[in-house]
Amino acid sequence: MSDLKLFNSLTRQLETFQPVHSGEARVYSCGPTVYNYQHIGNMRAYVFADTLGRVLSYKGYKLTHVINITDVGHLTSDADAGEDKMEKMAAAQGKSAWDIAAFYQADFEADLARLNIRKPAHPKATEYVEAMIAWGKEISTKHCYELDSGLYFDVSTVPEYGRLARAVTDDGEGRIEEVDGKRNKADFAIWRKTPAGETRQMEWDSPWGRGAPGWHLECSVMSKALLGMPFDIHTGGIDHREIHHPNEIAQNQAHECSADTGARIWMHNNFLVERSGKMSKSSGEFLRLQLLIDKGFHPLAYRLMCLQAHYRSELEFSWEGLQAAFVRLKRMVMAVEKLEAKANPDWMSVPIAIQSRLKRFDDAVSDDLNTAVALTLLEGSIDASIGAHDALQMIAKMDAVLGLNLLALTRQDLRIRPKAAIITEAEIEAALAQRKEARANKDFATSDRIRDDLIAKGVEVMDGDPLGWDWKLDV
């Protein structure tokens, strides 16, 4: 196999992956704040992290992957002022913050399963509050100071603060809110005191008063507790590169009494761009995975759409682009089904003779997870000319990395009823039976009328195809 080369945001260059612990790969990914549904832009980060984990497993490493659940402490921005997202949604829905967290965590985990993302460890921030308080105590003397609003980290006490972001950018500065008494604009909260006269649902006693931990602290505490320090790779969206991850690094340096950043490699996926403005959760009905399903798209079409672009490139979302990815997925599934029909039932036990093709695939994923090239190689391998047995074995190896579930998916699985459909599958089958009878009687006028009526109701009739019909998706 080729050496695995990954782009390290810390050095802004490709580096050969060298594990901290021989034969192991330990990865931490910043998880969701479970106060609302996740939009599809959020989910791109987890498709990327899952692909990274699959590549590491493919390379033979024993993978430990953690995605934390932020169920406390995250404010409505990256600032150290404003409303707590959990408390705000709990008040809006008339529920407890704990119930809000449990509901939206379950929905997030369902989305992971729909996207065929392997289930990582999902520790919750609220399970580590005592460890966060202990961390704060250990670093407070040399690195922190107390204000009326809480305990703050002085970023001037650690070396090269902001190195990951290449200094705090104008955009980053715009996301830092002024707090009276802060020594440096970039200083951030380790502990936020509950304001006098207020009571939060999620608050704990600490040496700095009753309150809640700062958002940045949880990732430092949980990554060290679960992966040790240093560990191999920390992932997240590119928006975390400016504030959240530099703050994590500062906390790690303070706690470990070292210039080490905690993770050896920091990796960031770029944004999913959507031009209509429906990516923001503040817009009410925003783009989430369930909306794609409601329109008749299989969620793995979205995974394929993500894989078509390099994780460090912006990916523009459009319904036309999603439909093109869906058609591409259908074609691959159809081709695999044909191969499976030709192969013997014990095809998995047949020795493979396709090392050169797999080498090119390995070269692609080893080149900073070049999934766009890897996808093309996968498609080219769905080719019975090399023999159904060998082709299926090659597809199995490649798809273990890309995660499209091609050996289990069927075309029937991809036929998802759009929420807006005005006809049921039973009605479709009945109409097609009438059409078949009309064609047998050479009553082509009736046959054409039934077909046109089905098309008008969003059903595509496929004469000569074993599946018979499919939903016609309008975008």
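In which sense do β9 and strand β10 pair, and over how many bridges? The views below start there. This is a predicted model, in which local features need pLDDT of at least 70, side-chain atom pairs count only at pLDDT 80 or more, and totals for chains, interfaces and linings use all residues. Residues are numbered from 1 along each chain as its sequence is written, and side-chain values use heavy atoms, leaving out hydrogens and water.

**View A. Strand β9 and its partner β10.** The two run in the parallel sense, paired over 6 bridges. Strands here are DSSP runs of E with at least two residues, helices are runs of H or I with at least four, and both are numbered from the N terminus. Two strands pair if DSSP finds at least two bridges between them. Look for Ile233, whose bridge partner in β10 is Ile265.

**View B. Strand β9 and its partner β3.** Here β3 (residues 24–29) and β9 pair in the parallel sense over 3 bridges. Tyr28 stands opposite His234 in β9. Of the 7 residues in β9 (231–237), 7 are buried, meaning under 20% relative accessible area with a 1.4 Å probe and protein chains only.

**View C. From β9 over a helix to β10.** Follow β9, helix α7 (residues 244–256) and β10 (residues 263–269): together β9, α7 and β10 make a right-handed β-α-β unit. Right-handed means that, with the strands pointing away from the viewer, the path from the first strand over the helix to the second runs clockwise.

View D. A disulfide needs two cysteine sulfur atoms within 2.5 Å, and the count is 0. The sulfur of Cys219 lies 3.9 Å from the closest cysteine sulfur, in Cys30, so it is too far for a bond. Cys219 is buried, at 2% relative accessible area.

Conventions:
Buried < 20%, exposed > 50% of the residue type's maximum accessible area, 1.4 Å probe, protein only.
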